Amino acid sequence: MIDFGVCGGYAALMYLENVIVDTVDPQRLGRFWEAVVGGQRLTDEPDIVETRLAVEGGPVLDLCFPGVASAAASEPPRLHFELRGGADQAEEVERLLELGAQQLDVDQGEGARVVLADPEGNPCCVLEERAAHVDTGPIAALSLDSADPARDGQFWSWLSGWTEVPGHAPRTLQHPSRRGPLLELHPAAASTGASKNRMHLDIRLESGDDPDAVAAGIVERGGRELHPDWGELPWRVYTDPSGNELCVLPARS
């Protein structure tokens, strides 16, 4: 395992494992995104659908769609998918529309991206051809709002093990293999915390990681631990320095 950093005097082996998308209809939304990315079905239950995106020679990311009573939010989503359209951008847009996406009535720019929404209204973009996306796979980037991209870039690099690469955002990270989606940090106001984020990232600990030391490292770097009233959970809930929610999962036994 790659030594990605030091936290509390030991080598941290954490890695980015999941992208979580809250949904009122796991079957509908899970199947939509599975078709979009060509994922491998992991879990197929009424209250959760999970699909795996494995990038050859790069990371494995699980897209998880847990059912919730309401996926509505009082602030816009702070994390969204940017999809690789490339030379076939128009065809890819048409494919997503046929799968159930909707075209959003927003400023589409000058053709660099086409802004769509998935069947539950979560925005996503289909991008033009870019050299940085050659080895990303179908998800070109995970676009995350950041009140301070330089600060948050350091935070997420420490937490995920991904490292900085050139990109179109003020700070861009990628898996050390230089394959798989980019994590792009784009300037935006910090989260108000008025509602649960509809999308968030999960970090998985590995054997040897000390959960309390990781918690201390998150706080030292500007994040904070949340204590939601959801009953006893096997994971711990945090925010990054910009208020974006994330979960830290225990090491697998």
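Colleague: Where does UniProt place the feature "domain: Glyoxalase-like"?

Modeller: The unreviewed UniProt entry places "domain: Glyoxalase-like" at residues 19–127 and 142–249; such annotations may be inferred rather than shown by experiment. This is a predicted model, in which local features need pLDDT of at least 70 and side-chain atom pairs count only at pLDDT 80 or more, while totals for chains, interfaces and linings use all residues. Residues are numbered from 1 along each chain as its sequence is written, and side-chain values use heavy atoms, with hydrogens and water left out.

Colleague: How much helix and strand is there over residues 142–249?

Modeller: That stretch is 20% helix and 32% strand, with its end C-alpha atoms 20 Å apart, where helices (H or I, at least four residues) and strands (E, at least two) are DSSP runs.

Colleague: Now the largest pocket: how much space lies in it?

Modeller: The largest pocket holds about 540 Å³, the volume being the space filled by probe spheres set on the grid points. A pocket here is an open set of points on a 1 Å grid over the protein atoms alone, where a 1.4 Å probe fits, with protein on both sides within 12 Å along at least five of seven lines; lining residues have an atom within 4 Å of a point.

Colleague: Which lining residues are closest to its centre?

Modeller: Of the 25 residues lining the largest pocket, N18, I20, D202, W235 and L249 are the closest to its centre. Strands that each supply at least two lining residues include β3 (15–21) and β18 (245–249).

Colleague: What about the core, which residues touch the most other members?

Modeller: In the largest nonpolar core, which has 45 residues, they are W33, F81, W156 and L159; such a core joins buried (under 20% relative accessible area, 1.4 Å probe, protein chains only) Ala, Val, Leu, Ile, Met, Phe, Trp, Tyr and Cys residues through side-chain atoms within 4.5 Å. W156 touches, among others, L144, L173 and D240, not counting residues up to four places away in sequence, where contact means heavy atoms within 4.5 Å.

Colleague: Is E56 buried or exposed?

Modeller: E56, in the loop between β5 and β6, is exposed, with a relative accessible area of 69%, the cut-off for exposed being over 50%.

Colleague: And what is phi for R178?

Modeller: Phi of R178 is near 65 degrees, a positive value in a residue other than glycine. Most residues other than glycine have a negative phi. R178 lies in the loop between β13 (171–174) and β14.
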